[in-house]
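Please keep the structure open as you read.

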Amino acid sequence: MNRLTRAAVIAVALMTTAAPLAAQAQSRGDRHEQRQDRRDDRRDHRSDRRDDRRDDRRDDRRDYRSDRRNDARDYRADRRDDRRDYRQNQRYDRNNRNWYQGRSDFRDYRGARNGYWYAPSYGYYRVDPRYRHQRWQRGSYLPAAYRGYYVRDPYIYGLRSAPRGYRYVHANNDIVMIAVATGLIVSVLAGAY
């Protein structure tokens, strides 16, 4: 072989062995940098996720509280409307003898029973025979045994709230206003139901 060929072969051999070594040396550094970059990326990713979770949780809690507040407001408004509708539709009507049907405080009412009076929300209660067919009048006294059956919602019967010291009481199917201390009958709404 001549010198030139020999030099070319040596140069090619050196290049083939030196290039991978150089590439390997360079790739080790690159690999180290890549590993470091991946670590940094993972740290950043974890940190971002942590921040996102904190913010999301905080936002979720705020949204939840806000939704609960709004739901409560809506519920209260609906209840107010329901009560208004209920009061308008379920009020005492002297012309309608069945006005009480469907009301929860009259669910046990099955009509007149001999020897008993019915008080809404209280049910039937036994009556002393001398008061069974009693017609209550202003100025008379309601017996003490019957003074505890208070009218819970006088508005339904078209009555204003009783003044201080007076209460509306169920007596037979009448509603009477009595002085709490004495039982003196002040007014009578006869035949309420």
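Two strands count as paired here if DSSP finds at least two bridges between them. Please bear in mind that this is a predicted model. Strand β1 covers residues 116-119 and strand β2 covers residues 123-126; the two run antiparallel and are joined by 4 bridges.

Which residue of β2 does W117 face? W117 has Y125 standing opposite. Between the two strands of this hairpin there are 3 residues, and S121 adopts a positive phi near 75°.

Strand β4 spans residues 174-179, and its antiparallel pairing with β5 consists of 4 bridges. Here you will find M177 opposite S187 of β5. In general, strands of a sheet pair through backbone hydrogen bonds, in a parallel or an antiparallel way.

Now for the charged side chains. How many salt bridges does the structure hold? The count is 2. One of them links R43 with D40, whose closest N and O atoms are 3.2 Å apart. Both R43 and D40 belong to helix α1, where they are 3 residues apart, about one turn of the helix.

There is also a surface patch of negative charge, where D30, E33, D37, D41, D44 and D48 gather. Among these residues, E33 can be located in helix α1, which runs over residues 3-89.

Terms used: Residues numbered from 1 in each chain as written. Predicted model: local features only at pLDDT ≥ 70, side-chain atom pairs only at ≥ 80, totals over all residues. Heavy atoms only, no water. Patch = residues over 30% accessible without salt bridge, like charges linked within 9 Å, V, L, I, M, F, W, Y side chains within 5 Å. Areas by Shrake-Rupley, 256 points an atom, 1.4 Å probe, with all protein chains shown as cover. Salt bridge = Lys/Arg side-chain N within 4 Å of Asp/Glu carboxyl O. Lys, Arg positive; Asp, Glu negative; His and termini not counted. Charge placed at Lys NZ, Arg CZ, Asp CG, Glu CD.
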